[in-house]
Every structure is written in structure tokens, then in C-alpha cells.
Amino acid sequence: MFSLPPSGRLTGAWVAAIVVLSMPAYAQGHTDTDARSQAATGATDVTNAASSDPPPVGDPAPRTVALGPVDVTVVGERPASEAASRVHYGYRDLQLRPRRRPGDVFEAVPGLFAVQHAGGGKANQWFLRGFDADHGTDVALFVDGVPVNLVSHGHGQGYADVHFLIPELVTSLDGYKGPYYAQFGDFATAGAMNVSLAETLPESRAELEYGQYGTRRGLVIASPRVNEESRAVLAAEIGADDGPFKNPERLRRFNLFARLTHDLTPSSTLALTWMSYGSSWNGSGQIPARAVCGEGETQNPSPESYGAACIDHFGVVDPNEGGATQRHQASLRYSATGSSGTVQALLYLVRYRFTLFSNFTFFAEDPVQGDEIEQDDNRTIIGADARYSRDWSYGPLRVKATLGFQARADAIENALWHDAARERLEPRVNAGITESELGIFAQADARFSHALRFVVGIRADRVDVAVEDRREDFDSIGSRTSGAKGTQQLSPKLMAILSPHPELDLFASYGRAFHSNDARGVVLDRNAATLMTPALGYEVGTRVTPLADLTFQASGFLLDLASELVWSGDSGGTEPAGRTRRYGLEVGAQFRIGSWLFADANATFVRARFRENAGNGNAIALAPTRTLSAGFGIRPTIAGVTPFGALRLKSLADRPATENGSLTAQGFTTLDVNAGARWKSLELGLDVQNVLDTRYREVNFANESRLQYEPTAVTGIHYSPGWPRTVTARAAIYWN
């Protein structure tokens with residue numbers, strides 16, 4: 001199969017291969033066009049809002065683009081109707097939810113939490129279905145179909161940083177929980193999420209935000225109509241904040257977005273998109289609880305017992321933590337619909353740089369200079385995603401068949417350094433990595449009657465890696481840290497949908513999937529990690545709609561993850577982990593009135609365990625066990641004025657921080673509120689984050705560390721504090 005040369009460079013042959021293979025391909029940007037299919041005769045309307053829902057009255061909305069007559073029979077399935085856990089939010093739904101940061105957009109998926117630690121420029125930590133997925137190891141994220149997760153990343157496998165996303169450009173969100181969907185490959189074990197961005201907007205806007213703790217933001221979005229066949233969206237965003245921390249975050253970031261969409265024919269389009277993002281920040285710290293005034297642990301001596309001063313809840317141990325990152329991304333997509341089916345094609349190119357300064361152990365390893373580390377990741381990604389779909393009808397049988405192809409190549413330079421005050425002292429890791437992934441899938445969505453439907457899929461994946469360790473030990477036998485490996489996996493998928501009554505759906509799903517592991521851990525001569533870690537999932541569920549605007553759903557799931565060894569980017573080595581099992585229950589309800597009110601409540605209950613006790617307990621550290629999210633949003637239009645408001649509650653329960661449960665990661669409950677009004681072209685708003693001013697720990701870890709005054713290293717909880725009540729005001733002006 002395909003693999004890159006050990007030099008870490010993309011060759012012209014590899015680029016040409018991807019281009020040629022992707023020509024009959026995919027590019028609609030949405031990862032599941034089936035969910036957007038509408039029963040139709042004559043014209044088919046396609047919009048990046050990915051929803052047939054109209055926008056809220058008084059709000060700007062993406063323009064619908066008619067693609068002309070369609071001669072195939074369309075399977076008219078409702079969006080997100082494959083499983084009780086499958087969700088789709090169109091433009092109207094998202095406008096009724098607060099979206100202050102990119103993570104807020106993805107948190108619309110019930111049970112998905114995006115928390116932040118070590119500075120606002122670092123990728124979110126993702127929680128879903130009993131997974132503390134770190135920065136993305138078991139949750140696959142996509143923006144317009146382009147994968148966000150980064151393989152063999154300098155800080156952690158599957159690192160998924162979505163800060164390059166401008167929330168106001170998002171027109172739809174699709175959430176897929178579990179490993180049941182054939183179009184997803186690597187990292188889609190707990191689930192996969194895709195957001196789609198606007199092709200055109202009826203209004204342009206300029207917005208300013210100003211708030212507490214140095215919060216400032218400026219945004220301009222313009223949507224010029226080039227001509228009858230072409231349209232564009234241009235956006236620029238700058239932002240800054242210092243946070244409530246004693247060592248100010250000094251987060252500074254920018255985002256640029258440009259998209260030009262051209263109708264080649266009435267039934268085909270071509271879109272070119274460019275996105276650029278950059279940020280730098282100071283780490284808000286993962287501080288040891290034993291060092292904080294009033295938050296000490298009974299098993300660990302307090303700072304006062306050593307004659308030292310304690311630190312504040314928002315304090316810091318190493319003020320040099322932080323980092324900087326850049327992501328520049330170009331994509332070209334093509335879609336065409338005709339009597340022979342639908343062809344879609346996507347090509348993308350990503351240039352990425354990352355530097356992170358961290359200190360998890362303080363003075364445990366080096367009592368003089370300290371234990372600060374620097375992690376660097378510099379890479380180029382090129383990829384393609386291709387699919388062809390065709391609809392058939394045979395009497396009562398309706399089938400949509402899809403064939404798909406995906407290819408991706410990463411050329412990576414990774415490094416790990418021992419630093420002091422961001423000055424390099426010694427190298428620990430210096431590696432060139434080339435990694436390629438190739439996936440092929442087929443799926444048939446078949447409805448046999450109004451009451452019975454099956455979605456059957458099969459997926460084949462191949463992963464190849466090559467590592468050149470420039471610090472390899474050549475003097476010892478059995479110490480190999482360079483090399484190449486490759487493997488493949490076949491993943492069957494099956495979903496069954498029974499609808500005995502128009503208001504009742506019953507679901508059963510099965511699927512196999514995988515997440516890859518860091519190439520540096522895979523090629524080791526000893527204690528090598530598995531290149532592809534299989535996952536096997538099962539799910540049953542139901543969805544009930546007693547009223548047209550009221551929906552209840554419940555689903556029970558089980559997910560097994562195979563035995564594995566994982567690479568730790570923080571230590572530059574492998575860490576063992578055994579077979580795991582997660583099972584649980586998710587329940588929720590949604591209620592809406594027209595286009596101006598939306599309310600929901602969702603809860604999850606999960607048990608996550610190692611299947612064998614290695615002698616230190618079998619709890620999965622930091623795995624979320626219970627979550628709750630709920631809220632409502634309103635946006636009516638009254639006498640020419642459009643008032644709006646929203647309230648969102650988020651709650652994460654306490655959970656074990658260690659396998660034996662000796663330490664606990666504290667949960668939290670927060671409440672966010674926003675309100676405002678639009679009159680003609682002027683909009684004013686107020687956002688209040690953590691309105692109850694809850695003092696909480698947003699992220700917890702159980703670490704072994706040594707503070708400078710401590711005689712030996714000790715194990716305890718380290719945490720990043722959540723923000724206190726924060727008020728931000730904003731004003732926006734719209735124009736055509």
C-alpha cells in the first residue's frame with residue numbers, strides 16, 4: 001500500500017497519485033450527504049446549512065443553491081434517522097444556542113463535552129461515551145469533510161484543535177456516536193462529528209466584543225455575489241484574553257477564511273476554500289491541589305509544613321508554560337448530480353506548526369533546572385475523499401448505494417526537549433515520520449417498507465508508517481526505535497431501523513472500527529504499540545415523537561476496545577493499557593416551537609472499566625460516568641425587533657482519577673446565559689459565562705510531581721481551574 005519515504009517529504013509521485021485517484025471523488029464538505037437527501041421530483045435544493053429547516057425570522061441565513069433537475073429517485077430519509085444517538089442540527093437550531101468558542105459548536109452533540117486546560121490555544125480535551133479521549137484519540141472531528149485529528153502528534157495521538165474554526169460560519173452540525181458508520185475511519189470509535197460552513201450569506205456583518213479578564217474580539221464577515229454563477233464568503237477574526245489567572249494567559253489569535261463557489265452547470269459546483277489560523281498563549285497551568293490554599297489533600301503535607309507559601313486557586317507553579325500554533329488549510333471540492341448518480345470530490349492540503357511548553361512534574365526529575373518540556377510538531381498533510389452514490393427503486397424497495405475512497409498522507413517532524421524557562425537544555429526525541437492512511441468503503445441504505453430499513457456497510461483500512469529516529473541507540477541490540485510497519489483492518493457495519501408507528505422508531509446497530517497509535521511507539525523493538533487498535537460496538541435505542549415538536553430518545557450502548565500500548569508524547573515512551581469495556585445509557589428530549597424556540601435536556605450514565613485487573617484496580621482513570629446538559633433558546637420577532645436569549649447548563653459528575661479509585665477527579669456544574677436584541681441592522685448582546693460564579697476544576701489529572709520544597713515526589717490531583725463569572729458585551733452591524 002501507499003507509504004511515504006523516510007525523509008518525511010511528500011514526493012511528486014505521491015501527490016499525483018492522490019490527485020488521479022480522487023478525480024471521480026467527493027467534495028461536498030458534509031460527511032454524510034445521505035442525511036441531507038430530500039424526497040424530490042424536479043429540482044434538488046442543496047445548501048451548506050445542511051437542513052431543510054428555514055432560518056429563524058430576522059436572522060441572516062445561508063442562501064439555497066438550486067442544482068437543477070435530478071432524474072434519480074431520492075431516498076427521502078429524514079436527517080439523522082439512522083439511530084437514536086444520531087443528531088443533526090441545521091442553521092436554525094444552532095442560532096438558538098450560545099457559540100462563544102469553537103468547542104461550544106461541537107457541544108451541541110448530547111453527551112459531548114469540550115473542556116480546556118493549559119491555555120486557551122491548546123486543543124480541547126474531549127469527553128464522550130465514557131471516553132476521556134484526551135485531545136481526540138477516540139473522537140473523529142471534521143470541518144467541511146476535512147479531518148482535524150492529527151496522527152502521531154507531538155503532544156498526543158489524534159490531537160484535534162478546532163480553534164481555527166469561526167463559529168459564526170457554521171451552518172450545520174452532524175454527530176455520529178459509535179463505530180457504525182462506514183464513511184469514517186481512524187479515531188471514530190466513540191463517535192465522529194462534522195460541521196459545515198457557509199457557501200454564501202444574505203448579509204455581511206461586523207462585530208466587536210469586549211469583556212472581563214482582557215477578553216476582546218473583532219469579526220468581519222462579507223458575502224459578495226460575484227456573478228450569477230459565483231458567490232463568495234470572506235471572514236477575518238482577531239481575539240485576545242488574559243483570563244483570571246495570576247499568570248495572565250495573554251492569548252492572541254487570528255483566523256482568516258475565504259471561499260469561492262462557482263456553479264459549473266445547473267447541476268454541478270466547484271468550491272475553493274482557504275483557512276488560516278495562528279495563536280500564542282501562556283499556560284493557565286495544571287497546578288497540584290496540595291499546593292493551593294484550602295484545597296490540600298489529606299494524604300499529602302501542606303506547603304506550610306515545609307515553611308512554604310500556598311498558591312491561589314488561579315495560581316501557577318511554572319509561569320513559562322504555554323505555546324504557539326499555526327494551521328493553514330486549502331481545499332477544493334466538486335459535486336455533480338445527474339441521471340447516473342452523484343459524484344463528489346474533495347482535495348485538501350494542510351500546513352501545520354505547533355510548539356508547547358509544559359511542566360507536569362516540576363522538580364521530580366531535575367531538582368535544579370526543573371522538568372519543563374518543549375514539544376514540537378511540524379507537518380504537511382495532503383489528502384482526498386471520494387464517493388459515488390446512486391439511488392434505485394424496485395417496487396416498495398428503495399436503495400441508496402455509496403462507494404467511497406479516502407487517502408491521506410502526513411509528513412511529520414516531531415521533537416521533545418528538556419527546557420528551562422523555554423530555553424532548550426537537551427533533546428529527548430527527534431524523529432521524522434511519514435504516515436499514510438487509505439480507506440475504501442461501500443454502504444447500502446435500503447428501505448423495504450415504511451416500517452423496515454437497513455443500513456449495511458463494509459470498510460477496509462490500511463495504515464503504513466515509517467519512522468527515522470535521529471537519536472537512535474546504535475550501540476545496543478534490541479533498542480530499535482526506527483523502522484516501518486503497516487497493517488490493515490476490515491470493519492463491517494450494520495444498522496436496523498424498525499418503525500411500527502409513525503411516531504415510534506426502534507434501532508439496533510453493530511460496528512467495528514479502530515484508532516491508530518503513534519508511529520514512534522509502533523516501531524519500537526520492545527513494548528511496541530499496536531498500529532491499529534480495534535473497537536467493537538453495539539447499540540439499541542428508540543425515538544418517540546408524541547407531538548410534532550417534541551421528541552424523546554434513549555439508547556443503550558456497549559463498546560469494547562482491544563488491548564494496546566499507547567505512546568505518551570509527554571514522556572517520549574510507551575505506557576501500557578489493557579482491554580477496556582464501556583457500556584451505558586443515554587436519554588434525552590428536544591422541544592421546539594416554529595423557528596423561534598428550542599429546548600433540550602440530555603443525560604448519560606456510563607460504566608468504564610478495564611476488563612482485567614492488573615493489580616491496581618480496573619477503573620478507567622478520568623472516564624466520565626455521568627453527564628447532564630440542558631437549556632433553551634428563544635428568538636422571536638415582535639414588531640420589527642428580534643429579541644433573543646439562551647440558557648445552557650452543563651454538569652459532569654465526580655469520577656475516578658486512578659485505576660484503584662484512591663483519587664477523585666472533581667466534577668462541576670456551570671450555567672451560561674446570553675441575551676440581546678436585533679433591530680434593523682443593529683444587534684446588541686450580552687454573554688455571561690458561569691453565571692452562578694461556581695468555583696470548579698475544569699480538568700483533573702492524577703500526577704506524580706515534586707514541588708521545589710518537597711523532599712520527594714508525591715502523587716496527587718493536578719487541575720486547571722474553570723473561569724469564574726465572566727461578562728462579555730458585543731455589538732454587530734449587518735449590511736447587504
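The model is predicted, so local features need pLDDT of at least 70 and side-chain atom pairs count only at pLDDT 80 or more, while totals for chains, interfaces and linings use all residues. Residues are numbered from 1 along each chain as its sequence is written, and side-chain values use heavy atoms, with hydrogens and water left out.

**Stop 1: salt bridges**

Select glutamate 82 and arginine 86, whose side chains meet in a salt bridge at 3.4 Å, N to O. A salt bridge here is a side-chain nitrogen of Lys or Arg within 4 Å of a carboxyl oxygen of Asp or Glu. Glutamate 82 is buried at 7% relative accessibility, and arginine 86 is buried at 1%. Buried means under 20% relative accessible area, exposed over 50%, and partly exposed in between, with a 1.4 Å probe and protein chains only.

Next, select aspartate 391 and lysine 400, a salt bridge with its closest N and O atoms 2.8 Å apart. Aspartate 391 is buried at 7%, and lysine 400 is buried at 9%. Elsewhere, salt bridges with shared partners join Glu168, Arg205, Glu207, Glu209, Arg217, Glu237 and Arg253 into one network. Within that list, select glutamate 209 and arginine 217, which form a salt bridge with 3.0 Å between the closest N and O atoms. Glutamate 209 is buried at 13%, as is arginine 217 at 7%. The structure holds 50 salt bridges.

**Stop 2: an open sheet**

Select β3, β9, β10, β7 and β8, which form an open sheet of 5 strands in that order, with mixed pairing. β3 (87-89) and β8 (146-147) stand at the edges with a single partner strand each, so one side of each has no neighbour in the sheet. Strands are DSSP runs (E, at least two residues) and helices are runs of H or I (at least four residues), numbered from the N terminus. Two strands pair if DSSP finds at least two bridges between them.

Now select residues 170-177 (β9) and 191-197 (β10), which pair in the antiparallel sense over 7 bridges. Glycine 175 stands opposite methionine 193 in β10.

**Stop 3: the disulfide**

The structure holds 1 disulfide, which is a pair of cysteine sulfur atoms within 2.5 Å. Select cysteine 293 and cysteine 310, whose sulfur atoms are 1.9 Å apart. Their link is right-handed, with 90° about the S-S bond. Both cysteines sit in the loop between β16 (287-288) and β17 (322-338), 17 residues apart. Cysteine 293 is partly exposed at 38%, and cysteine 310 is partly exposed at 24%.

**Stop 4: the largest cavity**

A search of the whole structure finds 9 cavities of 30 Å³ or more. A cavity is a set of points on a 1 Å grid over the protein atoms alone where a 1.4 Å probe fits but cannot get out, and lining residues have an atom within 4 Å of a point. Grid points are joined across faces, edges and corners, and a volume is the space filled by probe spheres set on the points.

The largest cavity holds about 1,000 Å³ of space. Select Arg100, Arg101, Asp104, Gln689 and Glu698, the closest to its centre of the 47 lining residues. Then show strand β35 (residues 668-679), which gives the most to this lining, with 5 residues.

**Stop 5: the second largest cavity**

The second largest cavity has a volume of about 450 Å³. Select Gln95, Arg99, Arg205, Glu683 and Arg730, which lie nearest its centre among 28 lining residues.

How values were computed. 1 Å grid on protein atoms, 1.4 Å probe; cavity = no way out; pocket = protein on both sides within 12 Å on 5 of 7 lines; lining within 4 Å.
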